[in-house]
Amino acid sequence: MAFFLETLLGGLMAGMLYSLVALGFVLIYKASGVFNFAQGAMVLFAALAMARFAEWIPALTGITNPVAANLLAFVIAGVIMFVVAWVIERLVLRHLVNQEGTTLLMATLGISYFLDGMGQTIFGSDIYKIDIGMPKEPIMAFESMFEGGILINKEDLYAALIAAVLVTLLSVFFQKTATGRALRAVADDHQAAQSIGIPLNRIWVIVWCVAGVVALVAGMIWGSKLGVQFSLTTVALRALPVVILGGLTSVPGAIIGGLIIGVGEKLSEVFLGPYVGGGIEIWFAYVLALLFLLFRPQGLFGEKIIDRV
């Protein structure tokens with residue numbers, strides 16, 4: 001039982017990180033009705049910005065406290081992501097209002113390649129480190145309940161808690177605020193939202209700014225775990241099955257989908273992997289997403305999108 005719970009907790013913590021990346025896809029889709037292929041590039045760009053400014057700030061300002069340097073780097077990277085969001089709306093999205101979804105899809109592909117190249121041009125293409133002070137050593141928990149206790153990775157636990165807090169705040173934002181309700185109205189029908197006075201351009205700036213903050217937090221966490229490198233863009237691919245499973249239009253779906261994928265990957269690898277030679281964790285999520293595409297393409301909590309295309 002202890003080993004099962006240890007695997008389950010590991011899957012839940014990994015799932016929260018998947019949910020965090022998936023939220024970026026869901027936010028953009030809810031506002032524009034298009035799948036944002038630039039989300040992975042946004043994660044890399046934000047992580048590069050934070051990693052490099054965390055290095056530059058002590059040298060430029062004399063600040064030696066790592067907490068202060070990281071906090072200032074996070075703020076600067078956040079401002080940069082806001083500027084990126086504003087530029088994207090001003091130069092790209094503003095000219096594509098009420099265009100076909102395919103047009104917007106191709107626009108996000110172009111944005112993705114631009115951010116990939118620009119990020120490495122400005123910040124460099126080496127492997128960089130983000131050290132935000134998350135402890136690396138594991139801990140033993142519930143020793144009084146289970147013999148030997150349950151081994152928990154403290155870094156994964158802290159990362160999952162950060163992701164959970166951000167996911168909760170975003171859920172409240174969408175459900176309880178006027179801006180969140182406006183975002184949902186835009187997602188339902190662009191023209192109808194405009195007809196009742198909702199400024200589409202401003203809404204797109206807001207949602208891209210929020211997606212940029214999500215990308216920054218995701219990049220900070222994954223950069224701390226894996227290092228900031230070009231392959232960080234592939235982290236977004238891990239979130240694709242999550243949004244398919246949970247639904248492209250559902251914030252709660254991104255959360256539940258991430259937890260299901262994270263737990264499913266860990267349990268299948270540990271308990272089924274030895275019988276098939278291992279490697280289940282690599283393809284499990286994509287097979288599960290394929291099954292949902294065949295039998296429930298809108299996902300667990302998403303709406304049918306046939307009428308939206």
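**Exercise 1.** Is Glu-281 buried, partly exposed or exposed?

*Solution.* The model is predicted: local features require pLDDT of at least 70, side-chain atom pairs count only at pLDDT 80 or more, and totals for chains, interfaces and linings use all residues. Residues are numbered from 1 along each chain as its sequence is written, and side-chain values use heavy atoms, without hydrogens and water.

Step 1. Apply the classes: buried means under 20% relative accessible area, exposed over 50%, and partly exposed in between (1.4 Å probe, protein chains only).
Step 2. The relative accessible area of Glu-281 is 23%. Glu-281 is therefore partly exposed.

**Exercise 2.** Identify the salt-bridge partner of Glu-281 and state where the two residues lie.

*Solution.* 
Step 1. A salt bridge requires a side-chain nitrogen of Lys or Arg within 4 Å of a carboxyl oxygen of Asp or Glu.
Step 2. Lys-266 meets this condition with Glu-281, their closest N and O atoms being 3.2 Å apart.
Step 3. The pair links distant parts of the chain, with Lys-266 in helix 10 and Glu-281 in helix 12, 15 residues apart. Helices here are DSSP runs (H or I, at least four residues), numbered from the N terminus.
Step 4. Lys-266 counts as partly exposed, because its relative accessibility is 27%.

**Exercise 3.** Describe the surroundings of Glu-265.

*Solution.* 
Step 1. Glu-265 lies in helix 10 (residues 251-271).
Step 2. With a relative accessible area of 2%, Glu-265 is buried.
Step 3. Leaving out residues up to four places away in sequence, Glu-265 is in contact (heavy atoms within 4.5 Å) with Tyr-18, Arg-238, Glu-281, Phe-284 and Ala-285.

**Exercise 4.** How many salt bridges does a search of the whole structure find? Characterise the pairs of Glu-55 and Lys-225.

*Solution.* 
Step 1. The search finds three salt bridges.
Step 2. Glu-55 pairs with Arg-52, with 2.6 Å between the closest N and O atoms. These residues are three apart in helix 2 (residues 39-61), so about one helical turn separates them.
Step 3. Arg-52 is buried at 15% relative accessibility, whereas Glu-55 is partly exposed at 36%.
Step 4. Lys-225 and Asp-156 form a salt bridge at 2.4 Å, N to O. This pair links distant parts of the chain: Lys-225 belongs to helix 8 (residues 200-226) and Asp-156 to helix 5 (residues 154-176), 69 residues apart.
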